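Dear colleague,

Please find below the structure that I am handing over to you. The notes that follow it set out what was found, and I would ask you to read them with the model open.

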Amino acid sequence: MPTLKVFRYNPKSGEQAYFQSYQLPEVKSMTVLEGLYYILENLDPTLAFRSSCRQGVCGSCAMHIGDQYRLACETQIAHIGNTVTVRPLSHMKIVRDLVVDLDPFFAQYDAIKPYLINKEAPPPREYKQSPAERLKIDTLVDCIFCAACYGSCPVVANDEKYLGPQAMLKALRFVDDSRDTATNERLAYLATDFGAFRCHTIFNCQQVCPKKLDPSGAIGKIKMKALWAKFTGKLRKAG
């Protein structure tokens, strides 16, 4: 029978963290998320985890499953093994069991000013963008905020000020947006000690992204753009 070995921890109880094993029924194509719901509804109503859409869209159910960060709703138990270990995302405070405090993750996202900044007079209607201009940011808008990249990043583990791969991927989305006029200011912020140049280019973020995005590549582009802006004197003006 398939078994989920689930990380359990309630900081309010004063007890140490531990793993608890649950045997599941043989159900073809059962996902890890379905297994967790089976446990919650039939075996242990105290188990805590996050989920929402169950379709790989919301990113709520990102966890460390087996040997990698994955979305529980997209991961079939049979594809991992007969016994699957499930842990919460790393580098964040555990609220309970598989639920972590995502406030630091979203604080870093908020820090990059994730909205269009345009200092010019607004047009009569919308800001127009050509198909070619839109193509530059197409993949950058597909992030689902699952925080798998953040949890897998060793720099995040050792530096709480580091923006992290997700925030910088989204920052490039605005740097490359033809409608945004704050490019140099954004690059000046991203070129600080807690920004792009703090990245060690280990590629963990790229490997775990469920949407096959490339945060490492985005950070590399930010580095090149920031260096060019500094070389041409624009970065100093932005600071």
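A62 stands opposite L71 in β4. Please keep in mind from the start that this is a predicted model. The strand β3 covers residues 62–65, and four bridges join β3 to β4, the two strands running antiparallel. Two residues lie between the strands of this hairpin, in which G66 takes a positive phi near 70°.

**The largest pocket**

Which element gives the most to the lining of the largest pocket? That element is β4, with four residues. The pocket holds about 210 Å³ of space. Its lining consists of 14 residues, and those that lie nearest the centre are Q68, R70, E74, T75 and K212. Two or more lining residues come from each of β4 (68–71), α2 (77–80) and α9 (204–208). Sorted by class, the lining has six nonpolar, five polar and three charged residues.

Why does the largest pocket lie between domain 1 and domain 2? Domain 1 (3–100) and domain 2 (102–232) both give residues to its lining, and therefore the pocket lies between them.

**The second largest pocket**

The second largest pocket has a volume of about 160 Å³. Its lining is made up of K136, T139, L140, L169, L172, D176, L213, D214, G217, A218 and K221. The elements that give two or more residues to this lining are α7 (165–175) and α10 (215–231). Of the elements involved, α10 gives the most, with three residues. By class, five of the lining residues are nonpolar, two are polar and four are charged.

One of the residues that line this pocket is D176, which is found in the loop between α7 and α8 (183–190). Is D176 buried or exposed? With a relative accessible area of 10%, D176 is buried, because buried means under 20%. The side chain of D176 is joined to the side chain of K225 by a polar contact of 3.1 Å.

A polar contact of 3.0 Å links the side chain of R8 with the side chain of T46.

**The chain as a whole**

Finally, a few values describe the whole chain. How many helices and strands does the chain have? There are eleven helices and seven strands. The C-alpha atoms fill a box of roughly 60 × 35 × 30 Å, taken along the principal axes.

With kind regards

Key: Residues numbered from 1 in each chain as written. Predicted model: local features only at pLDDT ≥ 70, side-chain atom pairs only at ≥ 80, totals over all residues. Heavy atoms only, no water. 1 Å grid on protein atoms, 1.4 Å probe; cavity = no way out; pocket = protein on both sides within 12 Å on 5 of 7 lines; lining within 4 Å. Points joined across faces, edges and corners; volume = space filled by probe spheres on them. Nonpolar A, V, L, I, M, F, W, Y, C, P; charged D, E, K, R; others polar. Domains from an automatic or database assignment. Pairing = 2+ DSSP bridges. Polar contact = N/O pair within 3.5 Å; in protein donor to acceptor, adjacent residues only side chain to side chain. Buried < 20%, exposed > 50% of the residue type's maximum accessible area, 1.4 Å probe, protein only.
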